[in-house]
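Good morning. Please look at the chain on the screen while I go through it.

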Amino acid sequence: MFNSVLETRGAHRIKLGIMAFSVITISLSIVFLVNMITPYGRLTKSSPASTFAQLIFCIFVQMSLIFRLNDIMYQKKQPQYKLGLEIIIAAIAILSFIDFICWFINPVANVLAAFICLFTFIIAGFQSTLWILQRIQSSQGEQEFDANLTQQISQNESSIPKTSKCIITLEYILYSFFFVLVILNTCQIIHEANHPGSLGEGEEYYTVQSQGQDVRIRTYCLGEKNLPQIILESGGGSSGIDFYEIQTQLSTNYRICSYDRAGYGMSWQAAAPQSSDNTMIIAQQVMDKVGFNTSVPNSIVCIGHSVGGQLCRYYAQYMTSIQGIILLDSVPVMNWFYLVGQCQNQTVNQVYAQQQSTLPLIKAMASLWPFYIETPFFMAREGFEPQNLQSWVNWQITTTRNWYSQSLGYASELEECQEQCMESSIINPQSMINKPIIVITAQNQSITCADRNLTGTDCQQYECTFNNTFQLVVNQSLLGNQVSTYVECPGICNHDFVWTQPDFIVQQIEYYIPLF
């Protein structure tokens with residue numbers, strides 16, 4: 001076969017085949033690029049950015065092979081300087097095969113990306129084999145030509161035309177650039193394939209439906225099935241692992257379940273848009289799968305941290321099975337941005353425009369995440385409790401799916417709450433819930449700027465933001481029935497108090513749930 005390719009007719013046939021395949025690959029890359037810019041639906045179970053990166057690499061090696069076949073067709077001699085380029089192509093082939101294997105080890109296998117890697121490996125490997133055979137079968141005259149050319153270059157460098165030097169330089173820059181991208185991409189794929197594994201007994205995977213597609217969700221439940229039921233909602237960009245210590249302590253008296261929302265942790269990506277309603281549809285199915293009967297009124301308590309708290313508030317408005325909600329340092333996101341903007345003398349239009357301008361940056365970050373740019377920095381984070389799960393937390397926030405899901409969530413927040421929503425009070429008939437709302441905030445009115453070592457404008461900004469945010473906390477506690485209230489975290493607390501101060505949170509949960 002390879003011998004026939006070295007002939008003009010065989011090279012011509014292969015070239016036509018590669019060109020036809022290139023048309024398909026380029027078309028697919030355009031589809032994935034559009035899906036990255038304006039997400040809608042779901043093309044794979046992972047981030048479209050991962051598949052797009054593999055498509056770009058595949059297109060690159062196809063173009064390289066086409067140029068090589070051109071040289072064969074026109075019987076062009078291969079100059080010695082191209083040896084370096086062929087080594088790069090051979091290295092890309094090896095890395096593509098490693099990517100192919102790792103995509104199947106990944107807890108969320110991207111089958112399409114894996115097979116694109118396989119095609120890249122075959123094409124790049126085919127080109128490398130052609131180069132080797134061409135060198136082996138070259139005539140004595142061609143070998144002498146190469147030797148004379150090498151000697152001439154070493155003796156008189158100026159004998160190479162300046163245009164040729166420029167082309168050589170550009171070729172090496174282009175090939176080196178793609179080679180570096182492939183290396184970085186392989187690092188990210190290996191990183192994601194090296195997942196932290198199971199939490200052990202209580203961890204299960206269930207398949208639910210979202211917008212007509214299957215979504216596999218990781219769940220983790222503790223406690224006897226006949227105990228009172230609690231569902232946990234983690235914050236944005238996080239997974240159910242955030243509640244590990246809280247779950248462990250509460251499992252004696254409650255059947256308590258956490259889960260990774262679609263696209264986070266070890267759960268599959270769901271179709272865009274990632275609206276509150278679509279999230280609730282998945283959450284309700286998850287509750288049923290783990291044994292919570294969502295048809296029974298007032299049977300489930302929802303506890304949510306940060307964005308997860310606002311999801312609990314949304315569920316309580318539409319799900320009769322929600323008995324009450326506990327919000328952990330959670331306020332309406334877009335309202336919070338507006339109040340912070342007020343502290344900076346911004347109008348509602350300016351604040352909203354600023355948030356809109358941030359979305360492309362988040363999308364860009366999600367699109368570049370397959371290239372292992374930020375991952376090493378996030379993997380160095382510390383402070384999670386228990387410490388043996390720090391690597392699990394760092395892993396889940398450094399997956400490409402995580403950042404794509406964050407961009408989807410941020411886009412939905414902008415869509416669901418625009419200018420009028422941002423500046424309007426959350427105290428309104430539509431927000432009222434005839435159920436208990438306990439708001440546990442990381443803020444404390446007794447903590448001063450001096451306690452946090454803040455001075456000058458930093459202190460002024462902190463006090464303004466604190467006052468406005470605290471008013472949101474109070475307003476939320478007024479949205480429920482007579483059992484509702486808010487609780488301040490004692491001492492200096494931060495947004496991460498869910499895992500840094502779980503004892504305090506467990507104490508409050510155990511006190512208030514019996515009052516529901």
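I start with charges, where Lys and Arg count as positive and Asp and Glu as negative, with His and the chain ends not counted. The place of a charge is NZ of Lys, CZ of Arg, CG of Asp or CD of Glu. This chain has 24 positive and 37 negative charges, and their mean positions are 14 Å apart.

A word on the source. This is a predicted model, in which local features need pLDDT of at least 70 and side-chain atom pairs count only at pLDDT 80 or more, while totals for chains, interfaces and linings use all residues. Residues are numbered from 1 along each chain as its sequence is written, and side-chain values use heavy atoms, with hydrogens and water left out.

Now the whole chain. The C-alpha trace spans about 95 × 55 × 40 Å along its principal axes. The chain holds 19 helices and eight strands; these are DSSP runs numbered from the N terminus, with helices being H or I of at least four residues and strands E of at least two. Of the 516 residues, 52% are buried. Buried means under 20% relative accessible area, exposed means over 50%, and partly exposed is in between, using a 1.4 Å probe and protein chains only.

The chain exposes about 23,300 Å², and carbon and sulfur atoms supply 58% of that. Such areas come from the Shrake-Rupley method with a 1.4 Å probe; for residues, only the protein chains shown count as cover.

Next, contacts, meaning heavy atoms within 4.5 Å. Take the contacts between residues at least 6 apart in sequence: 77% of them join residues at least 24 apart.

What does UniProt place at residues 230-358? The unreviewed entry gives "domain: AB hydrolase-1" there. UniProt positions are in the numbering used here, feature names are shortened, and annotations may be inferred rather than shown by experiment. Over residues 230-358 the chain is 43% helix and 17% strand, with the end C-alpha atoms 35 Å apart.

Now some backbone details. The peptide bond from Ala-272 to Pro-273 is cis, with omega near 5°. Pro-273 sits in the loop between strand S4 (255-259) and helix H9 (276-289). Helix H9 contains Ser-276, which is buried at 15% relative accessibility. Not counting residues up to four places away in sequence, Ser-276 touches Leu-311, Tyr-314 and Glu-416.

Another cis peptide bond joins Glu-385 and Pro-386, with omega about 0°. Pro-386 is in the loop between helix H13 (375-378) and helix H14 (390-396).

Which residues other than glycine have a positive phi? Gln-211 is one, at about 50°, and Ser-306 is another, near 55°. Gln-211 is in the loop between strand S1 (203-210) and strand S2 (213-222), and is partly exposed at 39% relative accessibility. Ser-306 is in the loop between strand S5 (300-305) and helix H10 (307-318), and is buried at 17%.

Last, the cores. In soluble globular proteins, nonpolar side chains tend to be buried together. A nonpolar core here is a set of buried Ala, Val, Leu, Ile, Met, Phe, Trp, Tyr and Cys residues joined through side-chain atoms within 4.5 Å. The largest has 48 residues, and those touching the most other members are Ile-217, Ile-231, Met-287, Tyr-315, Ile-322, Ile-325 and Met-422. A second, separate core of 37 residues includes Cys-493, Trp-499, Phe-504 and Ile-509.
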